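Open the model in your viewer and keep the selection tool at hand. We will go stop by stop.

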Amino acid sequence: MCLQPIRGNDSDCQIDSETTTGKRWSLELPEFFRENFLEGDQRWVTTAGSALHLLQSVYGSFSKVYGIGRCAKMVYESWRELMEEGEQRTRQPEFAKVFLIDRDVDFVTPLCSQVVYEGLVDDIFRIKCGSVEFGPDVTSTDKSIKVMLNSQDKVFDEIRNEHFSNVFGFLSQKAKNLQTAYDKRRGMDIQDKHFLRIDIGASESMMKKKAKQDFQELLKTEHSLLEGFEIRECITYIEEHINRQVSMIDSLRLLCLLSITENGLLSKDYKSLKAQYLQSYGIEHLLTFANLRQLGLLEEQQAGETLTVMESKVGKLVTDKTVGKLTDAFSSLAKKSNFRALSKRLALVPKSGEEYDLRVPRDMAYVFSGAYIPLSCKLIEQVMERDGWTGLEEVARMLNRQEFAVTGGCSSSEARNKTDAQRIVLVMFLGGCTYSEISALRFLGKERGCRFIVVTTAITNSARLLEALLDNSA
C-alpha cells in the first residue's frame, strides 16, 4: 500500500512538493465512499489504518489524536493495533496532532458549488491524480493538453485558493506585466508564461460555461437553502431545473441540499419532486433514491400528516402563495433541523446582510462566497482550540456520531518542544475531501500559525459523491 499525492503524478509513493501550507496525500480509493458508507464493506478500514501507520513510521508518533465518526473510530483502532504489534520508534514527532473525520459527518459541504479556483477547475474539468485535461476551448488550438497542477506552476500556486471572482483580474494584470521587462527581471521564464496562458484560457472557459448555466442564480438558491430563507422559492427553482432537464446530477444535488438543510422534505414535496425527477431523467433512477435515503441525503419527513391537514384547511382561506409561506413556517415548527441547530451553534452561516469582502477574507466562509463555513473545517477548528471535545458534547450529539480524543505515543515534553518549533496538524478525511475544504484549512492554518497536512481516501465533489450512489439498473 502506498500513498498517492493529491498534486503529484501516478508514480508510486511520490510526495507533493512542499508549499507554505504543507503536503496533501490521497490514497486514490474513490470506491471507499460507496463501499464503506452505503454497502457496509469495511475492507478499506485497514488500508487507511496502514496509511497512518506508514506516516507514523516516517514522521514519528503523534501527540494527540481526535476523531468523529464510526469509520474514523475503526481506522484509529486498526492503526492502534498496528502500533502495538510493530516496533516502537523513539524519534521526536513531526506532527503535533491528528484529526480523523468521516465524510458522512458533513454532507452539506461537498454538495455546495465550489467557487475557489482549484475547486471550480475540479467541478468543471475534473482533476485526476493531480492533473487535468484542457480542451481546445482552453488551449485556443485544435488540440487538448494535459497539465499537472502543482506548486511548480507559480501562477496556479498563487490563485489556487483564491475566490474565482478575484482570479481573472489577477491573471489580466499578470498578462499586462508580460509586456514589460518587469517579469523578466523577476524570473518569469517561458514555462511560467505557458502556465499563465493556460490559466487565462481556463478562466475564460469557466466564465463562459457558468454564464450559460446562470451560475449566479444557482448560487443564490444554494445560499438561501443554507440560510433557511425563501425555501418555497428554492423548491420552485429546483422544480424548474428538473423540468428543463438542465443537469441530472445538479438536480439531484439541489434536492439533497434541500433535504439536509431542512432535515427532510415535507411528504407532499418529497413525492412531487421525486415524481418529477423520475419523469425527467428516467424511472430507472428509483434505486438511487433508496441509496440516498439510506445515507440520509434525501429523506421524507415522517411527522407530516397533521401538517398536511392544517395546510388543506388554510388553503381554503388564503392564496396558494401564502400557503407556501405558511407551510415553511409550520415545517420549521414540526421538526427541528439538526443542520439549522448546528449552523446556529457553530456560526456556520454569517448573519444575513453583512458585507463580505472576498478580496480580504475574514474567515473560512470565503470558500463559499462568505455564505457558509464548511462544517467539517469548523469542527476541526473548534476541537483544536479546545484540545478535545469538551464543550462540544451537544454538537457531537446532534451529529449522532462517535467522537474520541486520545493521547498519542510521544511524551508531553517531546510534543511541546516540537509543537513550539513547528505546529503541524494531520487531517484524514475518510470518504473523500473537496478542494474547498483544503483551501479552508490552508486559510485556517495561516490564521492560527499552524500547517495542515491533508490525507484523504480520494478527492471528491458533488458530482463524484452522487455518481458513486447512482443505481440506474433497469
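**Stop 1: the whole protein.** This is a predicted model, so colour it by pLDDT, the predictor's confidence in each residue. The average for the protein is 83. Of the residues, 79% reach a score of at least 70.

Stop 2: Where is confidence lowest, and where is it highest? Select residues 305-315, helix α16: here the mean is lowest, at 41. Now select residues 108-111, helix α4: here confidence is highest, at 98.

Stop 3: Select residues 4-21, where the pLDDT is below 50. In the model, this stretch has 61 contacts beyond near neighbours in sequence. Next, select residues 323-336, where the pLDDT is also below 50. That stretch has 22 contacts beyond near neighbours in sequence.

**Stop 4: C129.** Find the loop between α5 (117-125) and β5 (131-134), and pick C129 there. Its phi is near 50 degrees, a positive value in a residue other than glycine. Is C129 buried, partly exposed or exposed? C129 has a relative accessibility of 28%, so it counts as partly exposed. The partly exposed class runs between under 20% for buried and over 50% for exposed.

**Stop 5: S369.** Move to the loop between α18 (338-346) and α19 (375-386), which holds S369. What is the phi of S369? The angle is near 60 degrees, a positive value in a residue other than glycine. S369 has a relative accessible area of 22%, so S369 is partly exposed.

Note on methods
Residues are numbered from 1 along each chain as its sequence is written. This is a predicted model: local features need pLDDT of at least 70, side-chain atom pairs count only at pLDDT 80 or more; totals for chains, interfaces and linings use all residues. Side-chain values use heavy atoms; hydrogens and water are left out. pLDDT is the predictor's confidence in each residue, from 0 to 100. Helices (H or I, at least four residues) and strands (E, at least two) are DSSP runs, numbered from the N terminus. Contact means heavy atoms within 4.5 Å. Buried means under 20% relative accessible area, exposed over 50%, partly exposed in between (1.4 Å probe, protein chains only).
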